[in-house]
Amino acid sequence: MKFYCGEDYKAMSRIAANIISAQIIMKPDCVLGLATGSSPEGTYAQLVEWYKKGDLDFSQVTSVNLDEYRGLSGDNDQSYRYFMNTHLFDHVNIDKSRTFVPNGLEPDSEKACREYDAVVEATGGVDLQLLGIGHNGHIGFNEPAKEFCKNTQCVDLTESTIEANKRFFEKEEDVPRQAYTMGIGTIMRAKKILLVASGEGKADIIAKAFTGPITPEVPASILQLHNDVTVVCDKAAMSKIKL
Ligand SMILES: N[C@@H]1[C@@H](O)[C@H](O)[C@@H](COP(=O)(O)O)O[C@@H]1O
């Protein structure tokens, strides 16, 4: 596992964007696993900036996103499809028909999950998976549980996740209570994993996930078993880790 520490959020975002750029340059038709949340926002902004300067080409890239709220359509401004369009896809030359996000509008959760597994499988596998991390160690929307879930699943969001994500919604009642998320098994099958975290609020969970015991109660801890993980933090998020 490699750790990189940027001075601040901007520096952390530049490091992460450099790693993604290197992936695209070395394999122009790569499959990127993408994430939402405030952690990767700066990374996407940096990628867009470099694309606009002519330094990056997304024309052959395929993307699969980690998760989507159940019940939200892609044009709902809180959906993860909307987030990806507005933060990245609308600003670069990616072919949108090759950008995939779970179908939040599919009411049959079993169908939504199996269809998304098939989508990920059809890409041939994720080359580089970008991840954020929740305060409780969730990755995607894989919340703390009794066991690691292999494939795409429909999850009930925990109170702490609802609490953390309510800042994006007008009222707490508007936060969806369920989401479709790629499973831990799928995340672990990515060839490379890049996890980004910033701010003091993430310091405890970064230390716990990467130096604590591997347990489904801290879903990100399983990343300790992956052979190509890069963790990019700012100073504050890295402050409690003793390597
Ligand atoms: N489903 C997403 C995760 O993929 C993300 O990692 C997490 C942390 O978000 P943030 O980066 O905003 O702290 O939030 C959400 O729950």
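Here is a short exchange about a predicted model.

Colleague: What are the ground rules for numbering and confidence?
Modeller: Residues are numbered from 1 along each chain as its sequence is written. In this predicted model, totals for chains, interfaces and linings use all residues, local features need pLDDT of at least 70, and side-chain atom pairs count only at pLDDT 80 or more.

Colleague: Which strands are the edge strands of the open sheet?
Modeller: The open sheet has seven strands with parallel pairing, in the order β1-β10-β9-β6-β2-β3-β5. Strands are DSSP runs of E, at least two residues, and helices are runs of H or I, at least four, numbered from the N terminus. Two strands pair if DSSP finds at least two bridges between them. Pairing on one side only marks the edge strands, β1 (2-6) and β5 (99-100).

Colleague: Which residue in β6 is the bridge partner of G33?
Modeller: Strands β2 (residues 31-34) and β6 (residues 128-131) pair in the parallel sense, over two bridges. The β6 partner of G33 is Q129.

Colleague: Why does D67 count as buried?
Modeller: D67 is found in strand β4 (residues 67-69). A residue is buried if 20 or more other C-beta atoms, placed from the backbone, lie within 10 Å of its own; 12 or fewer means exposed, and in between is partly exposed. D67 counts as buried because its C-beta neighbours inside 10 Å number 25.

Colleague: Where does H138 lie, and which residues does H138 touch?
Modeller: UniProt, in an unreviewed entry, places the feature "active site" at D67, N136, H138 and E143. Such annotations may be inferred rather than shown by experiment; positions follow the numbering used here, and feature names are shortened. H138 lies in the loop between β6 and β7 (153-156). Not counting residues up to four places away in sequence, its contacts (C-beta atoms, placed from the backbone, within 7 Å) are E143, P144, T161 and P219.

Note on methods: Two residues are in contact if their C-beta atoms, placed from the backbone, lie within 7 Å.
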